[in-house]
Amino acid sequence: MSAPDFPLSTPSAPAAPAAPAVRKAVIPAAGLGTRFLPATKATPKEMLPVVDKPAIQYVVEEAAAAGLDDILMVTGRHKRAIEDHFDNALELEQALTAKGDTVRLDAVRDPARLADIHHIRQGDPLGLGHAVLCARHHVGGQPFAVLLGDDLIDPRETLLSRMLEVRQRCAGSVVALMEVPPDQIHLYGCAAVEPSGSGDADVVQVTGLVEKPPRDRAPSRYAVIGRYVLDPAVFEVLERTRPGRGGEVQLTDALQELAAAGAVHGVVFEGLRYDTGDKADYLRTVVRLACERPDLGPEFRSWLKEFAAGLADDPAPGGWQAA
């Protein structure tokens, strides 16, 4: 029999299974907040107000907006206020209902309605890597996000959603990167990167990571900021990761091992980020977000202009001094 004059059809290769959707987030919140003492002596640093919401609520709202509906907070001793904030407050709700104050009633109820929120104690503060490892039983074998409370991403940005998209397409783990001035790179984990080949300008392949390197040893100016989408393989690496810088188990060290295996991508972020872990940046964050609030902004901006003009006339005003 002669061969046909058209190509024989061949069975197509089965499509690669889609990466599982990410539904869980972990928010480490066990730090002592020593940079904000004495304010954080009895109040968790995550509960410090940014305008009229605690900082950690912005982080939970970001996770919920990206579709993460199961959130585990890794807390420590003296953090009960965080649990109370994301719980129902029946007496307060009843009082507001009796007054007919629906606006404040919704504001009080909103934190508990954002997601299914769980809490676990870290115990000993052994570092970010250890805090993530504490989430292993809750997360199971699924990919998950980690959001640090010191980094607030502007609500108008879509960084986390973008990272979830990259994880869905590339699998492995994904970290958020931001280019910082050379004299600041020692404050962050730093990534060595190369083109990813994905065709997306904001996506890079992470080939190495180092925690808070000296300026002259930094592999790049790309700092790892506080957003991660992690493959569950990170747990096995964390279990054998020895304490590193500061005597703590560093998440960066575990991700370095995964990056060496080609399993870490980075999303380069150029949007609005607020660092609330530093006193001066915390104050700038409050001012900026207050200025942009439609209910507060117009009056506050007007006052701020007058205040700034007064500073120009008196560049060294007196006042309270720091302890």
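Are F144 and F235 buried or exposed? Both of them are buried. Keep in mind as you explore that this is a predicted model.

The structure holds four aromatic pairs. In one of them, the ring centres of F144 and F235 are 5.1 Å apart and the planes meet at 5°, so this pair counts as stacked.

In soluble globular proteins, nonpolar side chains tend to be buried together. Here, the largest nonpolar core has 42 residues, and I71 and M73 have the most contacts inside it. Helix α1 (residues 55-65) supplies the largest share of this core, six residues. A second, separate core has 32 residues, including F235, C134, V224 and L230.

Let's look at M73 again: leaving aside residues up to four places away in sequence, its contacts include I27, I56, V60, F86 and H118.

Now turn to helix α11, where F300 and W303 sit three residues apart, about one turn of the helix. Their ring centres are 5.8 Å apart with planes at 25°, so this pair is stacked too. Ring pairs join F300, W303 and F307 into a cluster.

How much of each residue is accessible? F300 is partly exposed at 24% relative accessible area, W303 is partly exposed at 44%, and F307 is partly exposed at 42%. On the surface, W303, F307 and L311 form a nonpolar patch with about 300 Å² of accessible area together.

How values were computed
Residues numbered from 1 in each chain as written. Predicted model: local features only at pLDDT ≥ 70, side-chain atom pairs only at ≥ 80, totals over all residues. Heavy atoms only, no water. Patch = residues over 30% accessible without salt bridge, like charges linked within 9 Å, V, L, I, M, F, W, Y side chains within 5 Å. Areas by Shrake-Rupley, 256 points an atom, 1.4 Å probe, with all protein chains shown as cover. Salt bridge = Lys/Arg side-chain N within 4 Å of Asp/Glu carboxyl O. Buried < 20%, exposed > 50% of the residue type's maximum accessible area, 1.4 Å probe, protein only. Core = buried A, V, L, I, M, F, W, Y, C linked by side-chain atoms within 4.5 Å. Helix = DSSP H or I, 4+ residues; strand = E, 2+ residues; numbered from the N terminus. Contact = heavy atoms within 4.5 Å. Phe/Tyr/Trp six-rings, centres within 6.5 Å; stacked < 30°, edge-to-face > 60°.
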